[in-house]
Structures are given as structure tokens and as C-alpha cells.
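Trainee: I'd like to learn how to read helix packing and contacts in a model. Can we go through one together?

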Amino acid sequence: MSLNEFFHMGGYAFYVWTSYGLALVVLLLNVIGPLRQRKKLLHDIARTNRRARRNTP
Amino acid sequence: MTSDSLLRAFTLLLKRDLTLAIRHRAEILNPLLFFVLVTSLFPLGIGADPKLLQAVGPGVIWVAALLAALLSLEGIFRSDFEDGTLEQFLLSSHPVSVLVIAKVLAHWLITGLPLLVISPLLGVLLGLPGDAIMILLITLALGTPVLSLIGAVGVALTVGLRKGGMILSLLVLPLYVPLLIFAANAVDTAAVGLPVTAHLSLISALLVLSLSLSPLATAAALRISLS
Amino acid sequence: MFNNFFHKMASPRYFYNISGQLIPWIAAACMALFLAGLYYGLVKAPPDYQQGDSYRIMFIHVPAAWMSMFIYVVMAGAGAIGLIWHIKLAEVMAISSASIGASFTFLALVTGSIWGKPMWGTWWVWDARLTSELILLFLYLGVISLYNAIDDKRTAARAVAILALVGVVNIPIIHYSVEWWNTLHQGPTVTKLDKPSIHISMLIPLLLMAFAFKLYYAFVLLMRARCEVLERERHTNWVKELAETK
């Protein structure tokens, strides 16, 4: 299959590539989401710790 | 008392409501999910005949939007009522109607706008043709602010009551009927390819009318409820 | 020895550390399977006699649909374990699965719709399989909404477990719907109990993608579960120390 045929997908290019593109987006979001959330959580917890230490004499 | 401080109060109130909503994302997502669910119930209940669905589609989507707006409206003044902020609004030197516009605008951005965004998808689910979906979008864009504006009057009247939610529906749904009739009719007419300028003009008129009068009515209703 | 393993696994801290080490390996294997599946599916497999190249959407659509049902059963099962034996980790696994399952259900619905447009001429039809898959999406969204609405995580986990168990009856309906009702959707070709009626050149990428998706679910679930564990255990010393060192 030539590169041209690959992109053209027998005339169904829009349908095939939209589906695969959408799948890529969904899969990426599901990976990036927890990564960012973990960083945010650790940051929040550290901040709460610092405040608690400051407030206790 | 200057218009400058009024503008600041307006934007502050708007920003606050939007920030609160972003933090409690369920406020945005639950009415949206309700909208989609209710719309989906109809094909399941009345059968999946595409012609039938296309015929009732516009009305179904509009009724679902109405109910979703009503459901989300209940909370527009409640938390402010409970912690006393509402009384502060009435006591402040700013005209209450302007503050009301800020709250209603926030409500529309939080609930009306998402409905607008998802409605083409629902149009597709019910098999509406492209022209009809376009007009559906326009009627919703013009009509959902009306739902928020008129609804605010009802909420203001019932904010202190115990079973406010049920009474709210009884008050507000009759007021929504003209909008529903014009909007559903517009989409139906567009589906058969006829022009809908008359319908859209009427809906725009409703929008302008409610934009100018309902904040005043809401302010008056708030004063009554909090007296 | 297994008793020891289960005891250790019930400890969130042990789980957090072990999963942190496992994730890169699972992710790497998943990536390899995806690449293989995509190569065999998009390049090596020949065009279909009837559907041309559009059938290649199947390599996304079918595994996504399988995962949507599989994850729901896992979620309900983990919820049941958490409910009956009060194991924290089971509760964590249940709720962590919800959004992943919802994503796959959404993907299955949308890719199915996109595939359906050139094949059947319509984006959507209210037949038994599509409708029950849509209801599955609503069930997932309901679980997520309910969990977020309840403040106390343990109560939330229990409520969600009950909801998930009640909804599990939908899964056999989706799977058998194409046999019980005359539908537009095609009949089962792989998961029936005799020889699959699909050509080997198309079966291989399908299975590769299916395994890739399973591994994907595994490592993303672990990532989400770690976040949930951190959230729940934020008042413990090990979490506090962990946050300091990051």
C-alpha cells in the first residue's frame, strides 16, 4: 500500500482518520489527566502541611 | 454610587458566580446530563420510527431544555439566601436589577450555553435535517437567556419557601409556553425548508422584553421574599 | 504466601509504591502492542470486499466497545468486594475505573456512528445494541456524578458500588441484543463459542488492539488509583512525607 493510498483510505479518509484521531485524543487525555492530577495533589498536600506546621506552635 | 463602581460590582458578582461554578463542576454537568437523558427517553418511549422522531424532535429537545433550565434555576439564589448575601444585595446602594442581571448572566453561561453546545448532537440523535439543527441552535441561543431571565422572577418569588421547587415549576412553566410554541414551530418550519424570519423576530422580541423587564420584576420579587 | 500478598495489597501505601514501579513496564508493553496492531490493521490488512477501507474503524470501535463492557463489570465487581469486605483498595479501583470506562463507551459510540454513516447512511439509529451502549454511558456518568456529589469518600464509594451493581444487568443485554432482536448492527463474529467468522488478516490486528486496550486500561487504572489513594490518605504520615520530597 503506497503512502497516498494510506492517507486516502479508499475514499473513506474522513471517516477513518477522524475515528483514529478521536481515539488518540481520548487515550491521551486519559493519560495526561491522572499525571496532572497527581502533581496537583502532591502540591496541595505539601502546601497544607506547610500551613499546618506554621499554625502549630 | 457611580456607574464605575456599579460596573465593578457587576463584574465581581459575575466572576464570583462563574468561579464557584467551575469549582463545583457538577453544577454545569448535571443539568446537561439531564437534558441529554430526557431527550433520549423519547425515542425509547414512543418508538424509533425516524419520521416520527423527526416530527417530534424539535418539541422534545425544547421541552427537555426547558426542564433542564428549570432544574438548574432553583439554585440561582439559594446559597446567597442561606448565607445572607442576598440581603446584602438589597441593602447595598447598587440597583438590585443590575445585580440580578449579573446573576442571570452567570446562570446562563453555566447552564444555558452548555445546552446550546450539545443540542446539535441531540438533533442528530433524533434525525433532524441540517437546516433544522441550524435553526434549533439559533432558537436556543435566543431562547435560553429568556428561560434564565423569566425563571429568575419565579425563583425570586419562591426563594424563601420550603417546597419552593414544585411551586417554581407551576409558576414558571406557563410563562415559558409562548417561547416554547414559537421556538418549536420555528424548527419544524425550518425542517420543511420554509423561511423562519417571522418566528425568529418574535423570539428576539421576547428576549428584548424579558431583558428589559424581568430584572426589575426579579428585584421587586426579591424584596418581597426577604421582607 | 498468597495470604501475605493480599494483606500487603490491602495496604494503600504498598499499593502506591508497587504500582509506581509497574506502570512504566505496562505502558511500554501497551505501546508496543498498539504499534503492532496499528501496523497490521492500517497497512497489512487488505481492504474489505464490501466496505473498502472504512472497515478499519473496526480496530478502534470493537475493542473500545469490548472494554466499555469489561470495565463496567470490573467496576461493579470491585465495588461489590469493597462493599462486602470493606477493602479500601477495591473501592479505589471501582471509582478509578469509572471515567476510563465512560471514555471507552463514548469512543465506541462515536466511532460506531462515524463508521455507520458511510455504511448504513445514518449517524444514529435507535436499535437495541446502540441504545443499550448509550444507556451504559449514562450509567457510567451517573456513577461519576453520584461519587462527586457525596463528600465522604467511603460513603460515596459504597453508594456507587450499589449503583454499579444494579446497572450490571445492562451488560448481558448489550452483548446478546444482536441475537435477541433483529438489529441493524452486525451479529457476533468473534465472541461466539465456535470458530470466528472473520478473516485471519483482520483478526490479528483486532486481537492485538484488544490486548493493547486492555494493557492501556491496566496502566491508566493504576495511575488514577494512585491519585485516589493520595487523596484518601492525605492525612497519613507517609503521604505527607511523600508530598514534602516532591
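Trainee: Which residues of H6(B) meet H9(B)?

Mentor: Keep in mind that this is a predicted model. From H6(B) you have B:Val96, B:Ser97, B:Val100 and B:Ile101, and facing them in H9(B) are B:Pro215, B:Leu216, B:Thr218, B:Ala219 and B:Leu222. By type, the residues of this contact split into 7 nonpolar and 2 polar, with no charged ones.

Trainee: And how do I describe the way two helices pack?

Mentor: In general, you give the angle between the two axes and the distance between them. Here, H6 (residues 96-125) and H9 (residues 197-225) of chain B cross at about 110°, and their axes are 8 Å apart. Angles of 65 to 115 degrees count as roughly perpendicular, so H6(B) is roughly perpendicular to H9(B).

Trainee: What about the contact between chains B and C: how many residues does each chain put in?

Mentor: Chain B puts in 11 residues and chain C 10. On the chain B side, H2 (26-46) and H6 each supply at least two residues. H2(B) has the largest share, with 8 residues. That side of chain B divides into 9 nonpolar and 2 polar residues, and no charged ones.

Trainee: Which residues have the most contacts inside the largest nonpolar core?

Mentor: Those are B:Ala65, B:Ala156, B:Val187 and C:Ala94, in a core of 147 residues. Helix H8 of chain C (residues 200-232) gives the most to this core, 17 residues.

Trainee: Leaving aside neighbours within four places in sequence, what is B:Val187 in contact with?

Mentor: On that count, B:Val187 is in contact with B:Pro58, B:Ala132, B:Ile135, B:Leu136 and B:Thr139.

Methods
Residues numbered from 1 in each chain as written. Chains lettered and ligands numbered in written order. Predicted model: local features only at pLDDT ≥ 70, side-chain atom pairs only at ≥ 80, totals over all residues. Axes fitted to C-alpha atoms, helices over the stretch in contact; angles between N-to-C directions. Helix = DSSP H or I, 4+ residues; strand = E, 2+ residues; numbered from the N terminus. Parallel < 35°, antiparallel > 145°, perpendicular 65-115°, else oblique. Contact = placed C-beta atoms within 7 Å. Nonpolar A, V, L, I, M, F, W, Y, C, P; charged D, E, K, R; others polar. Core = buried A, V, L, I, M, F, W, Y, C linked by C-beta atoms within 7 Å. Buried ≥ 20, exposed ≤ 12 C-beta atoms within 10 Å, placed from the backbone.
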